[in-house]
Amino acid sequence: RAGEKTVLTKSDDSHEMADHVNTPETARAKPPVLNWEDPFMLEDQLTEDERLIRDSARAYADESLAPRILEANRHEIFDRDILSEMGALGLLGATIPEEYGGSGMGYHEYVTLIETISTVDPSIGLSIAAHNSLCTNHIYAFGNESQRSKWLPGLCSGKFVGAWGLTEHNTGSDAKGMTTTARKEGDQWVLNGTKNFITHGISGDIAVVIARNGEKGDNRGMTAFVVERGTAGFTAGKKENKLGMRASETAEMVFDNCVIPDENRLGPVGDGFIQSMKILDGGRISIAALSLGVAKGAYNASLAYSKERKQFGKSISSFQGISFKLADMATQIEAASLLTQKASEMKNNNLNVTKQGAMAKLYASEVCVNVANEAVQIHGGYGFTKDFPVEKFFRDSKLCTIGEGTSEIQRLVIARKILE
């Protein structure tokens, strides 16, 4: 499908996403199309597995994601069937070994998957990243054999939707100050508290939850648990009404005297915060990939538009003011891609990726916001309407500098590593 143009969705009178290469005069008259040409992805540099993942993700995006994008984002609909469908295609449990129902991919293939999906709808790219990198990977990395066998096959197949609970209302970056508690009673634990800004906080079937069993501020005073949906005392709270990423569900998870068996504990008592920091190291690579997908989508739309849009008798791409914007956008995306590839290679080789993952996430997410901003500028007034895709990319982009650690936290992590 490389190089083909695929219908994204049918337009309506007020909320259609316009053809990426339509001129403003004809945008409302044609259904939108998606240009799959990717100048940043060289065919001869892709492995067979990367090409297979990319092509499978493109095909799924064309056939299944595209028709749902506008309605889902307009009304904040998270369609859990999407994860089931992707699980059936082997696109979930991306980095989990086949013995647990996963695809056994490396991080290069995983990054390719998230990038490709996010070029169409970043909301779904975000859901894939949270499901895979956080919930599923936490169970694989720190669960025992019994726990892996119990929960991973369902997460990899898409039968279960995964959630991961670290953040709270008053403890975003300051995770060690969490107030959700875990109290040991015999061979059970009683959880109380509320987690906030949780991807799949309502729909998640399996949640990895970090709760405090010691003193506030003690990085050895928190423990990780798996909590299944339907457990007494575990309910969903407020669903957030968000600026962007609207088709990826974000909500509270509430624990009110929620009793779980000790067999649901992941790793040693007091190891939860340490585990979480290790999980976030890899998770930040997936957010870098998400950022790249958003940036590439916005860039490709702008490049095509600039060639078609004519002012003063010529395409606006011929004006230095526009062509220099495109040059900067392309250069920034290329640099972000290389940082992400390096972090992925280090992850594949089981090297410490704390610094490199933070660098990739920091730079790619800020490039994402900048590229989306310039994409709207290139489109002019039309970029400020819902008739063109860059409006949505612009709204979606900002989350990338916040989720899984703000840009400020990434700079803190990097600074600490280089000053060691």
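Predicted model: local features only at pLDDT ≥ 70, side-chain atom pairs only at ≥ 80, totals over all residues.
The crossing of H5 past H7 is right-handed.

On the H5 side, the contact is built from Pro122, Gly125, Leu126, Ala129, Ser133, Leu134, Asn137, His138, Ala141 and Phe142. H7 answers with Gln275, Ser276, Lys278, Ile279, Leu280, Gly283, Ser286, Ile287, Leu290 and Val294. Sorted by class, that makes 11 nonpolar residues, 8 polar ones and 1 charged one in the contact of H5 with H7.

Turning to the cysteines, a search of the whole structure comes back with 0 disulfides. Cys368 is a case in point: its nearest cysteine sulfur belongs to Cys400 and sits 4.2 Å away, whereas a disulfide calls for sulfur atoms within 2.5 Å, so Cys368 is in no disulfide. Cys368 also counts as buried, because its relative accessibility is 0% and the cut-off for buried is under 20%. Cys135 has a relative accessibility of 0% too, and therefore counts as buried.

As for the protein as a whole, there are 11 helices and 12 strands. Of its 420 residues, 57% count as buried. Looking at contacts between residues at least 6 apart in sequence, 74% join residues at least 24 apart.

Definitions and conventions:
Residues numbered from 1 in each chain as written. Heavy atoms only, no water. Left-handed = near helix turned anticlockwise from the far one by under 90°. Helix = DSSP H or I, 4+ residues; strand = E, 2+ residues; numbered from the N terminus. Contact = heavy atoms within 4.5 Å. Nonpolar A, V, L, I, M, F, W, Y, C, P; charged D, E, K, R; others polar. Buried < 20%, exposed > 50% of the residue type's maximum accessible area, 1.4 Å probe, protein only.
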